[in-house]
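Please look over the sequence and the structure shown here before reading on. The report then takes up the sheets and a part of the surface in turn.

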Amino acid sequence: MSTSPSVRDLHAQGFQQREWAVQIVGRILVILLLLAAVLGLFGTGPLSHVRAEQGAVSVEYERFVRHTGHAQLEVRTPPPAPGTSSVSVEISGGLAAGMRMEDIQPQPATVRRSGTSTEFVFAAVSDTDALITFYYRPMDIGPQSATVTVADAAAVDVWQLTYP
């Protein structure tokens, strides 16, 4: 009786080693996908939530959103200039053109739209910072950018990726 392995045994052993390698790669990919999901790559999480600031203006939003899913953009503005009774917030760029606005809190006094830009004018309540929240649904798939400009203050750049 021979103790040397047959060709069939060597072939089966090679197949088994390749199968183990594929299993290891598959397990690593599953772990990476789970880690990305936990961190917010596919929705809410630390990688997704963004706070962008420029001077006294700050904008908070989710970097990764779903097409036609609920999304919100929070704009914190400085108090209006003395003698001014309103605060103006302009959203311009591809994100502005691709959002279907559902609600705005507080409600704007006037809204002006031109091209890919929309200006919202709010009545100034007091001499304190204002928090304006835009509730919308992203209608365009892919990367979108916008500039949020507060009159007499600063402009903040926003970047968002919309998944199908």
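This is a predicted model: local features need pLDDT of at least 70, side-chain atom pairs count only at pLDDT 80 or more; totals for chains, interfaces and linings use all residues.

## The six-strand sheet

Six strands form an open sheet in the order S3-S11-S10-S5-S8-S7, and the pairing within this sheet is mixed. Strand S3 (64–66) and strand S7 (110–114) are the edge strands, each of them pairing on one side only. On average, and with direction ignored, neighbouring strands of this sheet are turned by 25 degrees against each other.

Within this sheet, strand S5 (residues 86–92) is paired with strand S8 (residues 117–123) in the antiparallel sense, over seven bridges; Val 87 stands opposite Phe 122 in S8.

Strand S2 (residues 57–62) and strand S4 (residues 71–77) run antiparallel and are joined by four bridges, and Ser 58 has Arg 76 in S4 as its bridge partner.

## A nonpolar surface patch

Ile 24, Val 25, Ile 28, Leu 29, Leu 32, Leu 35, Leu 39 and Leu 47 make a nonpolar surface patch of about 710 Å². Leu 47 lies in the loop between helix H1 (7–39) and strand S1 (49–54), and because its relative accessibility is 44%, Leu 47 counts as partly exposed.

Note on methods: Residues are numbered from 1 along each chain as its sequence is written. Side-chain values use heavy atoms; hydrogens and water are left out. Patches are made of residues with over 30% relative accessible area and no salt bridge: like charges are joined within 9 Å, nonpolar side chains (Val, Leu, Ile, Met, Phe, Trp, Tyr) within 5 Å. Accessible areas come from the Shrake-Rupley method with a 1.4 Å probe; for residues, only the protein chains shown count as cover. A salt bridge is a side-chain nitrogen of Lys or Arg within 4 Å of a carboxyl oxygen of Asp or Glu. Helices (H or I, at least four residues) and strands (E, at least two) are DSSP runs, numbered from the N terminus. Buried means under 20% relative accessible area, exposed over 50%, partly exposed in between (1.4 Å probe, protein chains only). Two strands pair if DSSP finds at least two bridges between them. Axes are lines fitted to C-alpha atoms, for helices over the stretch in contact, and angles run from 0 to 180 degrees between N-to-C directions.
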